[in-house]
Amino acid sequence: MKRPGIYGLALAGLLVVSVAAWWYVSRPAGRVDLGGGVEPVQQAEPAQPVEPLMARLAIETGAPGDEALGIVSLFDGRLRNRITAEGALVSFSRSQLDAGIRVEFERPDGAATAGPAVSVVRAPEGTPIRMEASTTLEVWIVMTTLPPAGQRVRVSLPVSGRSVTTDWVMMPALPGAPADQLAARARLQQMREADTLAATADALVALAPLDARGYYYRGLALESRGDRAGAIAAYEAALERTPNNRREPPSALYRRLAGLRRAP
Amino acid sequence: MAAGLAAATLLALVPWRPTAQAPARPVHWEGTITSVVTEDFARQQNPFADGVWTATFQVRAKWLEKQRIDVKDPGGRTTGQMVMLVDDGSSWTAEASGVAVTRRRPERLQLSGSGSGGSVLQAGWVYQSMADDDPLQDILPTGSYALWTAADLQVLHTFTATDGTVILQRSPGEVPPQQMINAFGTRLPVFFWNGQTPVPAAIDTTGLRRLMANSLADYPYADLERRTLMDGRMQGSFEARGRASEAGVTRKVTWDLHRRLGITGTLDAVDAAWRPRLAEEVTLRAAIDPGLGVTGRFRFTLFDVSREKGYALNAGGNGTGLDLRFSGAQPQPMSRPVEPPGSNSLVIETSDAATSASVAIAAFDYGASGRLKAEVMVDGEWYLLDAAGGGSSITVPLDANSNRIWDGWEQNAGVWGQAASADQDDEPAGENRGDGFSNFEEYRGFMVGSDWVTTSPKHKELFIYDAYARGLGYFSASGVLTYTIQQTQYDASRVVNFNRGYASAGAQKGLLLTGDCGLDETTAGEVFPDVGTPNNVDKVCINSAVMRTASSDEEANTIAHELGHAVSVEHHGDYDEGACNGGDDGVIATWGGATSGHRGCVMAYSDAAYYRGWDGRCYAWTFPAEFGDQFCTSKAGTSINSGARRMEDGHPMPVSGSSTAGNCQHQVRLK
Ligand SMILES: [Zn+2]
Ligand SMILES: [Zn+2]
């Protein structure tokens, strides 16, 4: 589903919220009244929040002035940690999500304060969903008012009728160099707006013809349009301009290239 | 006067009947007697010497209530009992010293000696009146007692001239011993039953009154007071001075003895299946031996209690309160527990007397440990109960080897006999043992999300904060067991065991897996700053934008590959970069290089732009789409890397052959 309004102005930075969710266990049985005895001597005991799901947040920013994308990822950590064999049953209500999702900022004293309003642009469908070990559910939100770089941010959202909160994530600094700004914008676009990606990639190639990134994003845009020959040429140009001597090679590029070359 | 004389045959005057009557259970009297004998020559009206000799006896008294002799009035009614005492393990020590100087000759006589010995009680009794109209109450109020104690200290006499020349020395045995002879309460006669005389079953009041008339008041060192128990204790002092030839001899005696019932009982062992878990309790039972037929108040003392930070290695704040405490809800009414300041202990008492009591103990740490002892108070005295397994206390939890790890865990885990600080994990076997966590730490455990886990002392385990949130891909193939933790479940330096204390193997870090590293657009993943152990790798990066266009296989492979680097695993070999045969620049796979070896290994590169074959020539070639999902265990090439050297379609095969590094599973290092 396309929402041109959100990206209308020179591609707002996307704030990608990635929420990973865990189901929490109930407390172990056999608990006792601890109130009687001695004063609990300087020992902050059970303070662990008990929530059904756990969530992680990833923030993707574009150029200054762009909106940011937040990706909230939800997963069943108990399954991944082999603590349980049956995954949680998770359900989403889009209307509850729209109404209940909140961005929070961390204050210096560790408390949370309300952040700016956000809109949900993507959420899981088809509920309830039985979580499996490999399942990661994502809720994408867009922020138009960005927190300052370095601000710690988290998101809470209603899932399965209860509130789930992500871990804190630090707001990244926005890129300064023009080519980096365009690359950041392209990175966001390739995640969900392939047609606008082409224009950004062309702008980046024009601005920085020796920068591999413009050709790589151009290749992605062309590939998504079905222009196989154009994509191969763009990737080859990117490969030619990719810096050497890194520990890991540009494997993503090879794989795309190899995939296109193998294709009939 | 010899102590032996105490075997006064006075008893013979009494019509004893030889019937024994044993007490239901052993009753002891215990305490101390101090007796100081001073001989002041100046006061002896002896014209030949001046000086003082002193002998001090310290007695640790222990008597046993041996028999009870009924005292019957003329009508045959039992009006009281004489409780006969015998020595039962007393001991004494003594020292003597002093100098007497002659007045007429330049000589002096020096006394010296020290010694120790056992049994001191020659005879003793306590009278218990049993009738309000006891006909003996005028001479024998209830609680009246008498004791006769004696000990001899062998001493050395040395005559010296004033210039120090020894004139004569007489060794112990050649001179009379210094004697402790004390008769307490002997305003009443000390009458004896000395252990050899047949035990009488009864004595009549008339006979006893006649016996009492035989006062030993003439004995110069007798206590002239009438002694009765005060607050259940034999307690007092007297000073007696000798007369006539013994003028100048003073005996100062103080004593304090209390009655100890033979109260015995048991404290049961802790449930062998119980291990500490946060806020879970265990109940322990103590009981007086049932045959005794008495009740008492119970006191339980928890001591040597651990004070680990928080309640698990990575949770519970940094408080160091006692890890074991008495539960707020107890099986019977109990006092509020008391924590003696500066101690690692807690004390709680039952409110009411009973034959048994139980106490509930709650754990405030998954690694909590301590010891428990139980006492019972009967007739104002505390008696320590025997702990299960011998000794005076039990461990909580069961911990026969006292290393603060529940024995069941060590046995189940197969590490019985290892030190609590051992870190010997060897699954999967690799370049080194251990995962950075000691046996005690693996036992104490970690919070993983909302779950507490105790980890394995044999299996290498790794904690990962997965901010990337898409799982760990094929990393499980490394054989390392992973735990996905919360952001707050390691510290700002990524140390997982930040609440470590006892028997730690040192700080061990977890890994940060993140999609937020600003990676180059075409790079799938990277570790920073370099390949190494989790303690050296700052972060493991996956390019989330790249992965958005990748297959799930590729993503799972990439995550496992980068995590592999973060547990010290290197590539299968190197690679070159450059152009081949006039093409674009790109990665050139080399013989025995990054693409070599096991094609199914996540650490092997699946692609390159070119490869340089065994013939040394460079070929443009499209690698098959394969993503490894294993950690190889050998260097052998598989698939396109296997087989004899040959040419296929103008290309040399195998492509890259066996790997140079390889055996990736063996390279895994966690510390
Ligand atoms: Zn690598
Ligand atoms: Zn390998």
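**Reading the interface of chain A and chain B**

Guide: In this predicted model, 72 residues of chain A are in contact (heavy atoms within 4.5 Å) with 86 residues of chain B. Local features need pLDDT of at least 70, side-chain atom pairs count only at pLDDT 80 or more, and totals for chains, interfaces and linings use all residues. Residues are numbered from 1 along each chain as its sequence is written, chains are lettered from A in the order in which they are written, and side-chain values use heavy atoms, without hydrogens and water.

Visitor: How do I read the area buried between chain A and chain B?

Guide: Buried area is the accessible area (1.4 Å probe) that two parts lose on being put together, summed over both. Here the value is about 6,500 Å², with 46% from carbon and sulfur atoms. In chain A, the residues that lose the most area to chain B are A:Arg247, A:Glu248 and A:Arg255, together 12% of what that side buries.

Visitor: How many salt bridges does the rule find across the interface?

Guide: A salt bridge needs a side-chain nitrogen of Lys or Arg within 4 Å of a carboxyl oxygen of Asp or Glu. The rule finds six across this interface. One salt bridge joins the side chains of A:Arg255 and B:Asp607, at 3.5 Å, N to O.

Visitor: Is A:Gln189 buried or exposed?

Guide: Buried means under 20% relative accessible area, exposed over 50%, partly exposed in between (1.4 Å probe, protein chains only). A:Gln189 counts as buried because its relative accessibility is 2%.

Visitor: How far apart are A:Gln189 and A:Pro148 in space?

Guide: Their C-alpha atoms are 22 Å apart, and the two residues are 41 residues apart in sequence.
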